[in-house]
Amino acid sequence: MNRFNSYREEALQKWDSQMVHSEIPVIYLGTASCGIAAGALDVLGTIQQTLTELGQPARIVQVGCIGPCYLEPIMDIAMPGGPRVSYTNVTPQKAKRILQANLTEGDLAPKMAKGHFGDEAFSSKTGIPKFFDLPMLKPQVRVILKNCGFIDPEDGDHYLAQDGYAGFLKVLEAGPQYALEALKESGLRGRGGAGFPAFKKWELARSAAGEQKYVVCNADEGDPGAFMNRALIESDPHAVLEGLLIAGYTVGASQGIIYVRAEYPLAVKRLRKAIGQMRSYGLLGDDILGSGFSFDINIKEGAGAFVCGEETALIASLEGKRGMPRPRPPFPSDSGYNGCPTLINNTETFGTVPAIMRNGGEWYQQFGVPGNYGTKTFSLVGKVKHTGLIEVPLGTSLRQVVEEVGGGTELPFKAVQTGGPLGGCLGASQLDTPITYEAMRDQGSIMGSGGLIVMDESTCIVDMARYFIGFALRESCGNCTPCRIGTRVLIDRLEKIIRGEGEPHDLEVMRKAADTMVKTSLCGLGQAASNPVTSSLNFFAAEYESHVHDHYCQAGVCKGLFQYVILAERCNGCGLCVKVCPANAIAGKLRETHTLDANLCTQCHACVEVCTKQAILSLPLSAEQDHLLLSEALQ
Amino acid sequence: MVNITIDGQCIETEAGKTILQVAKENGIQIPTLCYHKDLSPTGNCRMCVVEVKGGRFLQAACVTQVWEGMEISTVSERVMKDRKLTLEFMLANHPLDCLTCDVGGECELQDLAYDYRVEVPSWGAKGTRYPVDSDPNPFVRVDFNKCILCRRCVQACAEIQVRDVWGVAKRGFEEQIVAGAGTTMLEARCESCGQCVAYCPTGALSNKMNYGTARAHQVKKVTTTCSYCGVGCQFDLLVKNDKVIGVSSNPDAPVNGMALCVKGRYGYDYIHHHDRLLKPRVRRYLLEGVKKERTGSPWDWVETEWDTALDIVAKKFKETRDATGADTLGFLTSAKCLNEENYLMNKLARQVIGTNNIDHCARL
Ligand SMILES: Cc1cc2nc3c(=O)[nH]c(=O)nc-3n(C[C@H](O)[C@H](O)[C@H](O)COP(=O)(O)O)c2cc1C
Ligand code: SF4
Ligand code: SF4
């Protein structure tokens with residue numbers, strides 16, 4: 001214990017001297033996968049080169065994801081004595097200029113700065129807003145993501161300096177009962193999707209009979225468009241590991257396992273590193289900190305099957321078997337990995353635990369609403385202006401998330417797919433739904449693990465449904481009849497409608513198949529796979545009907561179910577569309593109204609994308625190119 | 001003990017039993033397809049779903065254990081509708097060649113479709129997705145177009161024969177049963193016991209030797225005991241026009257249940273084989289008393305009557321015993337004989353000839 005305290009002291013001192021009161025500039029660069037994808041590694045090269053050229057000492061700290069992925073790469077500079085200032089969408093050239101300005105001219109380059117982490121006075125002095133006052137960040141709170149973007153995820157000392165492992169120490173001191181009580185009071189519900197009370201699961205695992213028990217962290221995260229768990233692990237791996245350690249101690253397990261997708265190599269690397277650091281701090285192994293508690297953590301890389309995120313399939317996969325769900329009960333808390341009692345929670349659930357243990361359960365209740373306490377991270381993607389990793393209190397409305405955090409859409413908003421591929425597709429009239437487990441379910445959706453995909457008018461709902469059902473079809477394990485064949489029935493109908501061959505009874509067949517899939521499938525995948533179809537049939541019936549009855553796709557997505565027409569009132573004859581059209585289907589002199597030959601048009605979309613006047617419309621095949629009709633269609 | 005109701009009937013039963021077990025004990029029929037009493041239940045076909053009051057989803061009766069106060073409906077509108085659609089799902093992807101299918105009449109899918117009056121839906125992906133008769137195994141005929149992925153074959157092989165030949169490959173709609181890692185059955189250590197055929201509820205796995213010879217209602221089943229070894233397995237001989245055309249497992253067989261080995265299940269073709277010996281034969285020189293030469297016609301086998309053959313044997317026994325003593329003779333009996341016959345042979349050896357030199361081929 002004394003040894004550990006001295007590690008903590010050292011970490012605090014290091015944090016203070018190197019980060020808070022650094023004598024040399026500190027340069028932060030987000031190098032989680034989102035930053036890297038946006039080019040952060042090139043920027044890193046430039047930073048290093050520029051520092052050498054300038055002959056200036058500075059400390060580069062590679063941090064994780066701070067949230068607004070659309071602003072990546074994000075580079076921050078904290079000059080000695082000054083606050084950290086963020087520069088966004090940084091290119092190597094831009095990075096060089098910013099560095100030169102800051103390091104050699106003492107100029108913050110406020111025009112290029114997006115926000116800072118200092119006080120009001122700094123804002124008024126420089127005109128740079130506070131980073132957390134940016135419209136995307138203002139409605140957010142940071143409990144789970146507290147450290148993300150602030151600490152170097154590969155440096156365990158950084159975590160220690162942020163009260164790291166204080167939650168574990170408190171539980172060691174106060175005993176497992178404290179952990180259970182705190183968890184109960186906090187009301188934390190599983191963040192893997194179903195929202196089962198975490199405390200109940202822990203208590204079941206604790207009271208289950210068995211010498212050998214396991215705790216498993218579910219980091220399979222197979223939903224398309226979801227990256228919350230990846231970002232958390234890449235940005236703050238110790239938080240998840242501390243949660244796992246606390247869980248192990250509380251339920252009496254001696255082995256922790258993290259099941260993480262092999263497609264997340266950076267997350268795996270950071271986990272491995274962090275586990276090594278835990279070991280050197282004496283937080284893993286036999287008789288941890290002299291408490292008599294022994295615990296170790298293994299990593300198991302999953303091969304990327306979505307269904308392996310389902311807990312019983314995950315356990316089968318851990319055991320080296322085919323990743324296929326089995327009927328429950330027995331629940332894993334009674335009979336899980338190798339038949340032993342196993343506690344399995346989502347990455348984010350574990351990541352939340354240390355804060356609850358440090359601050360107590362009541363503290364956690366300040367976030368969210370009764371029955372749905374706390375915060376939840378979402379990956380906000382699609383057609384919103386601000387995409388990224390967000391954290392909001394439960395109970396926040398979808399509207400706030402889409403319009404405030406997401407900054408709305410460029411074209412009119414159409415729908416938001418909530419809860420990932422198994423969730424529901426909700427329209428504008430559902431936007432005031434509060435994000436709680438129950439409200440989501442009542443709308444025919446699920447909370448899921450937290451993917452939010454926003455769509456605007458350019459998305460065809462039928463095509464969207466086909467995409468998600470296609471995912472379920474490929475990812476269904478094939479074990480049970482309704483899911484294996486039902487998904488196929490749905491996709492056959494949807495494709496038929498998209499080809500323009502839809503008949504009214506196809507909609508009936510889909511509803512019927514969906515209903516039986518929900519009621520009779522063996523696991524959550526089949527039970528929820530039809531949600532995108534059912535919810536879109538409910539909320540966007542007119543769009544299905546126009547596909548089926550009029551063979552018309554208003555969004556201009558289903559090829560052959562519309563024709564592009566250039567609206568004379570809007571066309572300014574700029575000629576952009578003429579240049580991009582690969583089929584030479586558009587003609588017109590500069591500054592004169594252009595025309596589009598539907599016979600040549602391949603409906604590739606290129607013209608619509610470049611037209612700044614939104615003058616190219618998708619109209620029904622039967623519509624005459626008549627002025628009046630067009631204006632009518634416009635309204 | 002727990003108290004539950006099934007379709008309004010109050011039942012007291014032991015905790016730990018499944019809904020299906022309790023229903024069966026109380027005469028309540030629940031349809032099953034992937035379930036088989038000999039195999040561990042997997043709950044994958046979803047035919048046995050029932051409605052449990054308060055549950056959001058239907059429960060598979062074969063894997064759901066009863067609990068105190070459980071209220072179960074096995075015939076509610078919801079249940080019937082879902083079972084029907086589940087059958088439609090299966091049929092929508094099943095070849096509709098029942099008219100010429102070998103297992104027509106004993107196919108469990110066909111029976112359920114009949115019971116539930118299921119029309120084959122217009123939607124679905126019928127047709128041939130896999131090669132017909134796709135495996136070179138000499139005994140098992142494989143046609144996975146008819147497979148409903150109940151996995152009984154996988155389990156029968158793993159749990160009864162413990163050979164793990166069958167497995168499941170791919171996912172979702174593309175899922176299919178494969179031998180080994182996509183090899184032939186024999187390459188995957190198959191010993192051709194045919195357990196998978198016996199447990200397959202459809203025509204996906206059937207018998208190759210008698211393919212196309214008869215259907216269930218056209219044969220007479222004659223229960224018999226296998227004559228190949230001393231285990232005493234029972235099975236049914238399938239008899240058509242007074243000819244044995246095949247063997248099928250008899251689920252009530254006391255020793256072996258449905259299990260058989262390759263000889264028991266497929267080693268019946270000797271019965272009507274043209275090479276089979278139906279009368280005794282002796283060497284010509286013994287019959288005609290001619291001098292035996294080294295080669296040539298005196299060594300030919302000649303068909304004769306039993307009495308003649310036995311007289312010769314008796315005469316030779318006597319000569320040998322008189323010349324060199326009883327212990328220069330030995331008696332080997334056969335597992336293909338009945339116990340009574342073996343007993344008599346032993347009497348003959350000890351009491352008539354006077355030797356204890358007795359042995360048997362079935363010293364298993
Ligand atoms: C098809 C399917 C996929 C799932 N994928 C995940 C996943 O990627 N991550 C996860 O934590 N839970 C996933 N779950 C939920 C898990 O089964 C399980 O409920 C969860 O890990 C429990 O953790 P929690 O109580 O912390 O939510 C999935 C469930 C289903 C049915
Ligand atoms: S519902 Fe789908 S994924 Fe789940 S067990 Fe059935 S087939 Fe597999
Ligand atoms: S081959 Fe027969 S026993 Fe095997 S899964 Fe298919 S239908 Fe079931």
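I took two strands as paired if DSSP finds at least two bridges between them. Helices (H or I, at least four residues) and strands (E, at least two) are DSSP runs, numbered from the N terminus.

The model is predicted: local features need pLDDT of at least 70, side-chain atom pairs count only at pLDDT 80 or more, and totals for chains, interfaces and linings use all residues. Residues are numbered from 1 along each chain as its sequence is written, chains are lettered from A and ligands numbered from 1 in the order in which they are written, and side-chain values use heavy atoms, with hydrogens and water left out.

Entry 1, sheet in chain A. I looked up an open sheet of five strands and found the order β2-β1-β3-β4-β5 (chain A), with mixed pairing. At its edges I noted β2 (59-63) and β5 (113-116) of chain A, each pairing on one side only. From one strand to the next the twist averages 25° (axes are lines fitted to C-alpha atoms, and angles run from 0 to 180 degrees between N-to-C directions). I then checked β1 (residues 26-30) and β3 (residues 75-78) of chain A, which run antiparallel and are joined by four bridges. Ile27(A) has Ile77(A) in β3(A) as its bridge partner.

I counted 11 of the 15 residues of α18(A) as buried (under 20% relative accessible area, 1.4 Å probe, protein chains only). Among them are Phe468(A), Phe471(A) and Glu475(A).

I found 13 residues around ligand 2, the closest being Cys477(A), Asn479(A), Cys480(A), Cys483(A) and Cys523(A) (a heavy atom within 4 Å). The shell divides into eight nonpolar residues, five polar and no charged (Ala, Val, Leu, Ile, Met, Phe, Trp, Tyr, Cys and Pro count as nonpolar, Asp, Glu, Lys and Arg as charged, the others, Gly among them, as polar).

Five strands form an open sheet in the order β2-β1-β5-β3-β4 (chain B), with mixed pairing. Since β2 and β4 (59-60) of chain B stand at the edges with a single partner strand each, one side of each is left without a neighbour in the sheet. I followed β1 (residues 2-6) and β2 (residues 9-13) of chain B, which pair in the antiparallel sense over five bridges. Asn3(B) stands opposite Glu12(B) in β2(B). Two residues lie between the strands of this hairpin, and Asp7(B) takes a positive phi near 50°.

Methods: Buried < 20%, exposed > 50% of the residue type's maximum accessible area, 1.4 Å probe, protein only.
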